[in-house]
Amino acid sequence: MLNFQYYAPTKVVFGKGTEGRVGDLVKKEGCKKVLVHYGGQSAKKSGLLDRVFDSLKAADIDYVSLGGVVPNPRLSKVYEGIELCRKEGVDFLLAVGGGSVIDSCKAIGYGLANECDVWDMYTGKEKAKGCAPVGAVLTIAAAGSEMSDSSVITNEEGWYKKALNTNYGRCRFAVMNPELTYTLPEYQTESGCTDIMMHTMERYFVAEDTMEITDGIAESLMRTVMKNAKLLLDDPKNYDARAEIMWSGTLSHNDLTGCGTNGGDWATHLIEHELGGLFDVAHGAGLAAVWGSWARYVMDQKPERFAAFAVNVMGVEDQKDARKTALLGIEAVEDFYRAIHMPTNLRELGVSPTDEQIKEMAQKATGGGAYKLGTFKRLSADDIEKIYHMAK
């Protein structure tokens, strides 16, 4: 195992009715005016926004609001938020939504705290030196952005999807009421469960030896997600299942399941980011569509790791041959995806990229071929093209 530093400063307030505590939580941050950032109409129709506004009013905190965040959140909305916050003197950002809203909030925070163009920080041209404080009221269990250091934004000019990871962007608090996820459509719920699984799988598939306790936490988390993802197909208002999924989503992306490793592989995520940028697909579904092809392409680097996953997570019987066991584990993951109505290839995802588009995505993912992706197996642009073709 490797040395590691674990940092998770976000305060979590979990359970029924906890959105009513938002005002007090913001007040403790010493802030005077809040931007309430949200997505579409569901937060309004459900009454959640009104409850958040009432809580802020009760704490004597002024606020402005900005909606319209979409999946694969757009840079143009970030610019709009930065301009609004500067005009209104906002000093705290409150995301009411899922990972897309939280990521957009973080991007606005970076834009407020730094003099450069916010997009330059996402491309690596500039380095972030701070972020305005952000809090979250979570409505979708998926991205884990409520407790992670990550924010992912899509630039409509060229449809580039880029991530920025710094500790400046970690939420000050995360309010998590599983009841707020009751009304999510099945596809969104199960796509979220897939994203949660993948956040842990990215950290699990590493080339170095790992800590037994870290592996145990990761394996238990993945088994829990699979069990409850299936329960929610038939019982979408099962509070306990929703709670297990929501907490798993947070733990899957707050770095806990990567302690003692190099932090994970992340090639699958970066491969999917280009699909999301070009075709605007649901992130979790996109991950499901390409993971099996990635796994088969890299598996022989360390089949023993895939075999351990097959036995300890997927319940595959040990074949006494690491490669055979590993392949059965990959097939078991794809069977799980099918069971929760997720795609296992690009055709099932509903996209059919041309050879030119595949080449374009591979070039974007590697900075024009300037660098490789992943740590389990280093992947060049040519490797990534092959994975996209396998996934068709």
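This is a predicted model: local features need pLDDT of at least 70, side-chain atom pairs count only at pLDDT 80 or more; totals for chains, interfaces and linings use all residues.
Colleague: What does Thr-250 touch, leaving aside its neighbours within four places in sequence?

Modeller: Glu-146, Met-147 and Met-176 are in contact with Thr-250 once those neighbours are set aside. Thr-250 and Glu-146 are 104 residues apart in sequence, yet their C-alpha atoms are 6.9 Å apart in space.

Colleague: And Thr-268, what makes that one buried or exposed?

Modeller: Its relative accessibility is 1%. The cut-off for buried is under 20%, so Thr-268 counts as buried. Thr-268 belongs to helix 10, residues 267-279. Skipping neighbours within four places in sequence, Thr-268 is in contact with Met-198, Glu-202, Leu-287, Val-290, Trp-291 and Trp-294. As for Gly-350, 82 residues away along the chain, its C-alpha atom is separated from that of Thr-268 by 18 Å.

Colleague: Now the loops. What makes Asp-255 partly exposed?

Modeller: Asp-255 comes out at 26% relative accessibility. Buried stops under 20% and exposed starts over 50%, so Asp-255 falls in between and counts as partly exposed. Asp-255 is placed in the loop between helix 9 and helix 10.

Colleague: What is the phi of Asp-255, and why mention it?

Modeller: Phi of Asp-255 is near 80°, a positive value in a residue other than glycine. Most residues other than glycine have a negative phi.

Colleague: Where does His-341 lie, and is it exposed or partly exposed?

Modeller: His-341 is in the loop between helix 13 (322-339) and helix 14 (346-349). With a relative accessible area of 47%, against a cut-off of over 50% for exposed, His-341 is therefore partly exposed. Phi of His-341 is positive too, near 65°.

Colleague: How do you know that strand 6 is mostly covered?

Modeller: Six of the six residues in strand 6, residues 150-155, are buried. On one side you have Ser-150, Val-152 and Thr-154, on the other Ser-151, Ile-153 and Asn-155, and both faces are covered.

Colleague: What makes strand 6 and strand 7 a pair?

Modeller: Pairing takes at least two bridges, and six bridges join strand 6 to strand 7 (residues 160-165), so they pair. The two strands run antiparallel. Asn-155 has Tyr-160 as its bridge partner in strand 7. The hairpin they form has four residues between the strands, and Gly-158 in the turn has a positive phi of about 95°.

Colleague: How do you know that the radius of gyration agrees with a compact globule?

Modeller: For 392 residues, a compact globule would have a radius of gyration near 21 Å. The protein chain has 20 Å, so the value agrees. Buried residues make up 60% of the 392.

How values were computed. Residues are numbered from 1 along each chain as its sequence is written. Side-chain values use heavy atoms; hydrogens and water are left out. Buried means under 20% relative accessible area, exposed over 50%, partly exposed in between (1.4 Å probe, protein chains only). The radius of gyration is taken over C-alpha atoms; the globule rule is 2.2 Å times the number of residues to the power 0.38. Contact means heavy atoms within 4.5 Å.
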